[in-house]
Amino acid sequence: MSIRERLSGNEAAATAMKQINPDVVAAFPITPSTEIPQYFSTFVSNGTVDTNFVAVESEHSAMSACIGAEAAGARAMTATSANGLSLMWEMIYIASSLRLPIVMSLVNRAVSGPLNIHCDHSDAMGVRDSGWIMLFSENNQEAYDNLLMAHRIAEHKDVLLPLMVCQDGFITSHSIENIELLEDDKVKEFVGTYKPEHYLLNSEEPIAVGPLDVQAYLFEHKRQQAEAMRNAKKVILEVSKEFEKLTGRSYSFFEEYRLEDAEIAIVCMNSTAGTTKFVVDALRNQGIKAGLLKVRVFRPFPAEEIASALSHLKAVAVLDKADSLNAAGGALYEDITSAMYIAQKQVPMINYVYGIGGRDTTSKEIESVYTDLQKIVSTGKLENPYRYLGVRSK
Amino acid sequence: MKDVIEIRWHGRGGQGAKTASLLLADAAFNTGKYIQGFPEYGPERMGAPLTAYNRISTTPIRIHSNIYEPDYVVVVDDTLLESVPVTDGLKADGAIVVNTARGEDFLKEKLANCPGDIYYIDARKVSMETLGKYFPNTPMLAAIVKVSGIMTDEEFLKDMEGSFQHKFAKKPEVIEGNRKAIAMALQEVKKVTK
């Protein structure tokens with residue numbers, strides 16, 4: 001029997017970390033981080049977990065300490081947000097290239113400036129090519145569930161990549177909502193014990209971690225990282241299946257919501273998917289064949305699978321909660337349009353940059369996107385595919 | 001009760017509107033409902049206007065946006081009636097609950113265009129008499145429970161007992177006062193006759 005609770009997204013993430021009980025948590029427990037390290041440090045003080053909590057002096061050090069711990073053979077976790085992640089940036093790449101399956105809870109917030117601490121995905125989009133697995137979460141439940149699956153995916157011998165679980169800052173991180181928790185012993189059994197094959201504290205096998213990787217080797221190592229990211233796809237599906245057996249909650253690369261017979265659809269990530277489901281239901285009641293594809297696994301990017309799931313649609317809008325400022329389109333839009341092109345699927349696609357810096361996204365705005373899609377379908381015209389939703393024009 | 005009730009709180013930083021919205025979510029959760037409780041975070045300053053929200057539903061809640069067409073509005077500080085459009089989007093079959101000591105005529109004037117019913121309570125009086133200090137959020141929480149009918153008085157009193165034990169574990173001396181504040185507020189909330 002699962003436990004009926006009500007928790008904020010931050011509390012949900014901290015609870016998952018408590019139940020995982022990692023060997024090391026290194027975090028900077030004040031802004032720009034989240035309440036997560038603060039809650040977790042309480043569990044440490046109370047003796048609820050036996051984690052070694054390293055209260056570092058900066059986010060750069062937080063990631064460095066995780067790298068040291070994980071390389072030594074420990075299971076390490078951290079949590080951050082926005083500019084905290086920015087400060088980690090150098091070490092983010094070191095973590096993935098050293099193939100250290102560190103798990104991070106990332107509460108998505110705007111990377112300043114001008115100074116803003118509210119929700120958007122600019123922090124996550126800044127590290128999308130850093131070799132981390134990236135899972136996105138619609139609500140507190142998914143943030144919790146994704147964290148429980150994280151180590152099983154990251155630590156798999158065919159993967160060995162760090163993983164971040166994203167959720168929307170404030171919108172879900174600070175909102176109290178219902179959640180179903182697993183019992184501690186079930187989590188412990190599911191997550192299992194970390195048994196690294198190679199690690200620094202193994203006196204039987206002296207190794208070096210992170211030495212100079214010259215022209216003759218780095219390319220091959222990057223190629224292996226890329227292969228690991230491909231392997232992650234299979235592992236993510238396997239772990240998700242096993243998680244479904246345990247909880248009844250089904251996860252895949254993405255969620256298709258009333259998409260099968262849809263004619264128009266929105267693609268988005270995190271909390272906006274919930275608002276979109278609400279709108280899809282309302283439109284369906286009016287006989288409009290609207291659907292949603294919610295991306296859960298953003299890295300590795302399930303290009304073929306998404307192209308296949310969207311191929312029957314008459315028009316699609318991709319919503320990006322970060323502007324790439326590239327005069328071409330948001331990151332999710334570019335990934336999805338590329339996927340469609342490569343799969344030779346011709347579906348008119350538009351992009352909306354929305355919700356920047358915590359701008360609220362209303363159900364009416366989401367409805368207006370479906371209205372725009374209907375217009376594209378009826379006129380056959382697609383003008384200005386790179387659009388904005390909810391921004392003042394003057 | 002409707003399938004989904006949406007509530008918007010207007011208060012000032014330091015008055016506990018955010019805490020009240022979280023306590024309301026807690027109380028509704030304990031009666032088996034699906035809930036959301038979330039503040040709108042801005043620059044955090046004592047006295048600055050702030051907004052918090054609740055959704056209470058019989059089915060899972062998916063929408064993640066602020067509330068623009070609330071069933072109920074709670075105003076924790078009556079000076080906000082001058083500066084914040086508190087009745088914006090309020091449903092015609094909804095209601096507003098204001099903390100004020102200024103009486104019905106004041107409310108009728110300030111809320112002349114209010115689409116829903118108007119209720120009021122002197123939360124300062126309740127708070128001073130029961131807690132000896134001005135904490136308007138507990139009386140306002142009781143007032144909105146009463147007006148919205150989310151749960152019965154008995155359910156609410158029983159539930160808050162547990163919440164207070166938990167919330168004030170380190171300040172047990174305030175539990176009795178809060179208990180009295182709730183009980184008194186449930187009786188004190190009045191409707192403006194139109």
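1. Helix α11 (residues 331-342) of chain A lies across β10, β11, β13 and β14 of chain A and runs at about 145 degrees to β13(A), where axes are lines fitted to C-alpha atoms, for helices over the stretch in contact, and angles run from 0 to 180 degrees between N-to-C directions. Helices (H or I, at least four residues) and strands (E, at least two) are DSSP runs, numbered from the N terminus. This is a predicted model, in which local features need pLDDT of at least 70 and side-chain atom pairs count only at pLDDT 80 or more, while totals for chains, interfaces and linings use all residues. Residues are numbered from 1 along each chain as its sequence is written, and chains are lettered from A and ligands numbered from 1 in the order in which they are written.

2. The strands concerned belong to an open six-stranded sheet of chain A with mixed pairing, in the order β9-β11-β10-β13-β14-β15; two strands pair if DSSP finds at least two bridges between them. Its edge strands, each pairing on one side only, are β9 (254-257) and β15 (386-389) of chain A, and neighbouring strands are turned by 25 degrees against each other on average, direction ignored. Helix α10 (residues 303-310) of chain A also packs on the sheet, where it touches β9, β10 (264-268), β11 (290-295) and β13 (315-320) of chain A, its direction making about 175 degrees with that of β11(A).

3. The contact between the chains takes 19 residues from chain A and 17 residues from chain B, two residues being in contact if their C-beta atoms, placed from the backbone, lie within 7 Å. On the side of chain A that touches chain B, α9(A) gives the most, with five residues. Strand β8(A) is joined by two bridges to strand β2 (residues 34-40) of chain B, and the two run antiparallel; the bridge partner of A:Ile176 in β2(B) is B:Gly37.
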